[in-house]
Amino acid sequence: MKMPMFARAASHGGAISTALLLLTFLAGCATVSTVTSSAPPAAPASRFGHVHGVGFDATSDAVYIATHTGLYTVSGSLSSPKESASLGGPIAGLRQDNMGFAIDGERMYASGHPDPTVSSDANLGLVSSTDQGKSWSAVSLKGTTDFHDLEISHSGQGPTTIYGFDSADAVIRVSRDGGSTWTSGAALAMRDMAADPALPGTIYATTSDGLKVSHDYAASFELSPGAPALYLIAAAGSAAQPQLVGIDAAGVVWKKSANTPWQATGAVTGTVDALALSVGATSTLVVADQRGIVASSDFGATWRILVTY
């Protein structure tokens, strides 16, 4: 299958078609099963618009869904039975278009376009929230910048490193002081990126040439040896237990832990828009695909539906 368009700035979409190659994958690999439920909570597509990102709140066991029409939450979604998951949103009634979204502990970051009833600015710049998305404060670049992807990394107790993919010129901007000031990294036709959670200078990007990696704060990139041609990627864990998960254009889920090679572990269904990974006692993968918002605790071998479209 021809790889999809990778210039993330070119479209608010970016969903991938997986049907043909997914059938090929399933024919040659172990069976991938899907755990279904009776009547999961409904989330009409008209409410969501388009899903730009998903994220975890480890303190509340909630999944946040960043969309064209605001920020939504699925509470009790990871540890509770799927029938008890509760959909809420848009949070605080805000119709903020969250093109870029990331959660860093108790703080959320977003970029994109403001609710037109709140601000006439074209772009959000970088904003943050410390009350689970009920209110947002400008951090920097207000009115000027629309990041289509945001990634966060830390080094011990040092300052927060933030990467933003600037939709205006397809350049990765880098802030090494929590978003106050920015420098320009490489220009890159990419679809998704993931920052190493424990090594702030390391960031991965999915491109039509293959998975690329930078070890110098996005100043330069090179192909990552032995990596599959991924479309979406997520990183989580620690320096001692780093973990990468990606999805390729066929919908196959891939995993890499520490110094182990990439391994195919499962598959998504239909189109996929967003991917998030949480690493703890149990690693959890959440994606937005054709079924809705779905979660897996075995890297895509089985899934449970949290919210349907």
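I began at valine 287 and listed its contacts, leaving aside neighbours within four places in sequence: Ile247, Val268, Val272, Ala274, Leu275, Gly292, Ile293, Val294 and Trp303. I note here that I am working from a predicted model.

Next I looked up the largest nonpolar core, which has 17 residues, and found that Leu275 and Val287 touch the most other members. As a general remark, nonpolar side chains tend to be buried together in soluble globular proteins.

As strand 17 had come up, I turned to its sheet. Four strands form an open sheet in the order 17-18-19-20, with antiparallel pairing. Why is one side of strand 17 and of strand 20 left without a neighbour in the sheet? Strand 17 (230–237) and strand 20 (263–267) stand at the edges and have a single partner strand each, so one side of each has no neighbour there. From one strand to the next, the twist averages 25°.

Last, I followed the pairing of strand 17 with strand 18 (residues 242–248), which is antiparallel and runs over seven bridges. For alanine 235 I looked up the bridge partner in strand 18, and recorded leucine 244.

Definitions and conventions: Residues are numbered from 1 along each chain as its sequence is written. This is a predicted model: local features need pLDDT of at least 70, side-chain atom pairs count only at pLDDT 80 or more; totals for chains, interfaces and linings use all residues. Side-chain values use heavy atoms; hydrogens and water are left out. Two strands pair if DSSP finds at least two bridges between them. Helices (H or I, at least four residues) and strands (E, at least two) are DSSP runs, numbered from the N terminus. Axes are lines fitted to C-alpha atoms, for helices over the stretch in contact, and angles run from 0 to 180 degrees between N-to-C directions. A nonpolar core is a set of buried Ala, Val, Leu, Ile, Met, Phe, Trp, Tyr and Cys residues joined through side-chain atoms within 4.5 Å. Buried means under 20% relative accessible area, exposed over 50%, partly exposed in between (1.4 Å probe, protein chains only). Contact means heavy atoms within 4.5 Å.
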